[in-house]
Amino acid sequence: MPSTPTPTLPCVRVLATGGTIAGAQTSGSRGYQAAAFSIDTLVAAVPQLAALARLEVEQIAAIGSQDMDEAVWLKLATRAQAALAEPGIAGVVVTHGTDTMEETGYFLNLVVRSEKPVVLVGAMRPATEISADGPMNLYNAVAVAAHPAARGRGVLIVANDEIHFAREVAKTNTTQVGTFKSTHRGLAGLVNAGRLHLYAPPVRRHTAASEFSVGEANALPRVSILYAYAGMGRELIDAAVQSGARGLVVAGVGDGNLNAPALAACADAVRHGVIVVRSSRTGGGVVERNIEVDDDRLGLLVAEELNPQKARVLLMLGLTRTADPRVLQEMFFTY
Ligand code: SIN
């Protein structure tokens, strides 16, 4: 039986954007349409939520997260910030596709100024699939967002009974429910049917301590990601510069390395005033300055621990504040 919410329960605002968690299969096929169900329908499918929190819902977008973009990020961040400013709101849950969840989560981690929990949640299986993972993920996400112990830990991502820091997590598998991994600094905790087990808090600056805010970040500069490979030429780097990119993130091979033509193109981009950041396509490890590449001589920055897609988010925000490469490099060691 669904339980009736009581006014003493914490109030959580759910901001919905779509994704597979709201997906419906097309009949007789493995295919499905993301963002087919409204947030009202998703919440109604989990009556146990009423025992955890009073929910207020808002449909921000209805998209697969492959269509997530800066306009939706800014709307989402604005609505999250407004919700968190309300004294009666304990935390915010964002329903989101898993494909780009790590980027949205990291963006919110940098611009939302609040100690209150912000929790992103999605699913790998559409809502109509056998053993859909969305309902338990949503239940756990609300439990985390409603819990005072989750405050001050930055933006979190809940999936598959795990709690991840948005900064640390990456989607690592195309289809499996255990797709999210936090390889560098580990999990934020576990959540078992709504019971939280929190580990150490994050060490990098985030949310309430961030220098970024959504008000200042209302027009994000263009930053492109380029993927390195054996035999890479310079043409794509040149094209990105010619198309007006103010920043480039290169997903370099190994330790963020690039071959001679690509490095020459990056050096030319720097001479044109473009900020170039070396990250790695490996999915793990730290890209340090001046190992095989002479970053000091070429004027390049390194992403340090951030994967290319998160390095892009930080560079976009960084460029709203400064074009000074030394200041921007310091941001990669700070956030
Ligand atoms: C999406 O990111 O919207 C599709 C994939 C998913 O949600 O798991």
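Helix H8 has 12 residues, 308–319, and at 1.5 Å a residue it should span 16 Å; its end C-alpha atoms lie 16 Å apart, which agrees. The expected span is 1.5 Å times one less than the number of residues. Helices (H or I, at least four residues) and strands (E, at least two) are DSSP runs, numbered from the N terminus. This is a predicted model, in which local features need pLDDT of at least 70 and side-chain atom pairs pLDDT 80 or more, while totals for chains, interfaces and linings use all residues. Residues are numbered from 1 along each chain as its sequence is written, and side-chain values use heavy atoms, without hydrogens and water.

Of the 12 residues of H8, 11 are buried (under 20% relative accessible area; exposed is over 50% and partly exposed in between, with a 1.4 Å probe and protein chains only). These buried residues pack against several elements, including helix H2 (70–85) and helix H9 (325–334).

A salt bridge (a side-chain nitrogen of Lys or Arg within 4 Å of a carboxyl oxygen of Asp or Glu) joins Glu70 to Arg312, with the closest N and O atoms 3.2 Å apart. This pair links helix H2 and helix H8, its residues being 242 apart in the chain. Arg312 counts as buried because its relative accessibility is 16%, whereas Glu70, at 27%, is partly exposed.

Another salt bridge joins Arg167 and Glu305, at 2.9 Å from N to O. Here 138 residues separate the partners, and both are buried. Arg167 and Glu305 also belong to a network of salt bridges that includes Arg185 and Arg204. The structure holds 18 salt bridges.

Notes. Contact = heavy atoms within 4.5 Å.
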